[in-house]
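Subject: Structure handover

Hello,

Here is the structure I said I would pass on. My notes on what was found in it follow below.

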Amino acid sequence: MLRPFAGLLIAGLLIWPAPSALAADEPLPLTYRLTPSADGLAVTLRFRGDRRKSLTLDLPDKAMGEKDRWRFLSDFAVNGATMTAPDPKTRVLTFAPGAAVTLRYIAHSAYAGEPDGKDGNPYKGAVVRPNWFAALGDFIFATPRGGDLWPAAFKWGAIRKGWTVATDLDRPGAKTVTDIVESTLLGGTDVTVYRRPVAGGTLGFAVRGAWPFDTAAFADTLARTVTVQRGFWHSDLKGPYLVTLFPMLGMGSSGGTGRGDGFALYGTPDTTEAVLRRIIAHEHLHSWIPSRIGTMHDGPGEPADYWFSEGFTEFYTGRTLLGAGLWSLEDYVADLNDKLAAYANSPVRNAPNSRIVEAFWTDSAVETLPYQRGMFLALLWDGRLRKAGRSDIDAVMFDARDRFLRAPAGAKPNAAENFIASYEHVGPDLGPDLKHFVEDGETVLLPTDLFGDCAAVRTTEIATFDPGFDREKSAADGIIAGVDPNGPAYAAGLRDGMKRIKRIGGTDGDSRVPLGYRIADSGGERDISWLPAGTGRLTLQEVVLAPEMDDRKRKLCVSRMAAGAAAVR
């Protein structure tokens, strides 16, 4: 979801099929091998030629808002075949049936130095440094066109002395080219790997560098999260799971991406355990949403369904953290209120779904919108089912999952459409809501009694949220910038050029809560805080827990808000 100046080499072969044993229309077994090196990651892909006589390979190209990743690959060489390049992102190998074909290449770093949080998500390509590397499979591996489900093997090459490496491709059992692409790989001199038992397998946590929290204890939190989420989905997924984590330069940036049977995390050194805990819960849920609910649109149109794939994942992130006991009721409500405040303040809150398709990868506000919109729709639709006494949204998701698993391999349903069909089997027609809230972008408002007597949803009008300075630039550079001389931050004493040490207060989107930072200038260190109230007005919804709940009431409310996730606690 990167590299400075090194490379990747893929090599390998263990068992060859008998010469000419494979017909031209049958899958072609491939073997990949990756050998990290200080100078680069050298590369080899091996297979036995069959009667098709040629193979078209697609090089890493565009995804996650990046493109032309093939430009980081070089030094292509082939034995047992001839090679042509009809375009920069394609290689065609021509061979005789039964020929032992070996393709080698180097994958160079996509980064001139250490990745920096101020540059955004590290999705350009692999990171390769003299003493460590990190990569995702789709950054580095050439793949056969149309061969996503072909069998594929993976092996590490020689590992340098003093290095530790980890990948989800180390798991036993058969693999496909898709597994190779959907992999995460990490290695280096300061990589530590923790192992923890989880439901149906073992969790691996591979972490590089030092962090401001106990990484061994964090491995325990990871294991608890995976176990509860697998239990919630009735353990229909088993096997090992790997989480990789590496640091970036700068401040205030973190994120991750799901990898099927693992996920890749990154963050700046100030990233807290609480932030990563939430990211982990979100990313692990992608093993089911949308992966086991349905397919997604291909290509540029994929964000059209992010209200479901990302928004519903947000909804279940809170549910499962609460159900796992990793969040309290107060934590759950605080997170929900943060999301409601951010949604109320969003400059694109009422953007149509077509805008999300156009600008998801280029506009940070648009990128956030489907997460918010889908989460609130899940809450709204779950509440309607419960109020009508018609099951709940958990049962709908389980039904959609089962429908997807029963569907033939060539006829898997679209994820959002599959969910809608399952919902409308027990609940009302979602067509009007989809038109108003998804297509047209109308504001989603939660009903007052959504959580029964556990909490009330209140609607109020407050001042718009105005921090008074450029928070993104200041967080990235560590220097206060963009202070508005007519804004509340300037009035409190904040000035351009001050060193930003850390944030000490505030709730994003809520102008009623003082925003504060510890800063340093020629006068030394001190704290500055102010009410981030702008001149405009906005309508804000917030959830307020019922007061003075006893233990019995709290347990009942956890069961209501976490639903099925609470049953596996």
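Leaving aside neighbours within four places in sequence, F308 is in contact (heavy atoms within 4.5 Å) with I289, I293, T313, M397, A415, A416 and F419. This is a predicted model, in which local features need pLDDT of at least 70 and side-chain atom pairs count only at pLDDT 80 or more, while totals for chains, interfaces and linings use all residues. Residues are numbered from 1 along each chain as its sequence is written, and side-chain values use heavy atoms, with hydrogens and water left out.

F308 belongs to the largest nonpolar core, which has 71 residues. A nonpolar core here is a set of buried Ala, Val, Leu, Ile, Met, Phe, Trp, Tyr and Cys residues joined through side-chain atoms within 4.5 Å. Buried means under 20% relative accessible area, exposed over 50%, and partly exposed in between (1.4 Å probe, protein chains only). The members that touch the most others are W307, F308, F312, W381, F419 and F451. Helix α9 (residues 364–387) gives the most to this core, with eleven residues. Helices (H or I, at least four residues) and strands (E, at least two) are DSSP runs, numbered from the N terminus. Another core, of 58 residues, lies apart from it and includes F95, Y105, V127 and A264.

Next, helix α10. The 14 residues of α10 (393–406) reach 20 Å from first C-alpha to last, close to the 20 Å expected at 1.5 Å a residue (1.5 Å times one less than the number of residues). Its buried residues are I393, D394, V396, M397, F398, A400, R401 and F404. They pack against α3 (215–232), α5 (306–309), α6 (311–323), α9 and α11 (415–426). At the start of α10, a side-chain oxygen of D392 comes to within 3.1 Å of the backbone nitrogen of D394.

Strands β14 (191–198) and β15 (201–208) run antiparallel and are joined by eight bridges; strands pair if DSSP finds at least two bridges between them. R195 stands opposite G204 in β15. Two residues lie between the strands of this hairpin, where G200 takes a positive phi near 80 degrees.

Last, D170, which sits in the loop between β12 (164–167) and α2 (177–181). Is D170 buried or partly exposed? D170 counts as partly exposed because its relative accessibility is 46%. Not counting residues up to four places away in sequence, D170 touches F154 and W156. Its side chain makes a polar contact with the side chain of W156, at 3.3 Å.

Regards

Notes:
Polar contact = N/O pair within 3.5 Å; in protein donor to acceptor, adjacent residues only side chain to side chain.
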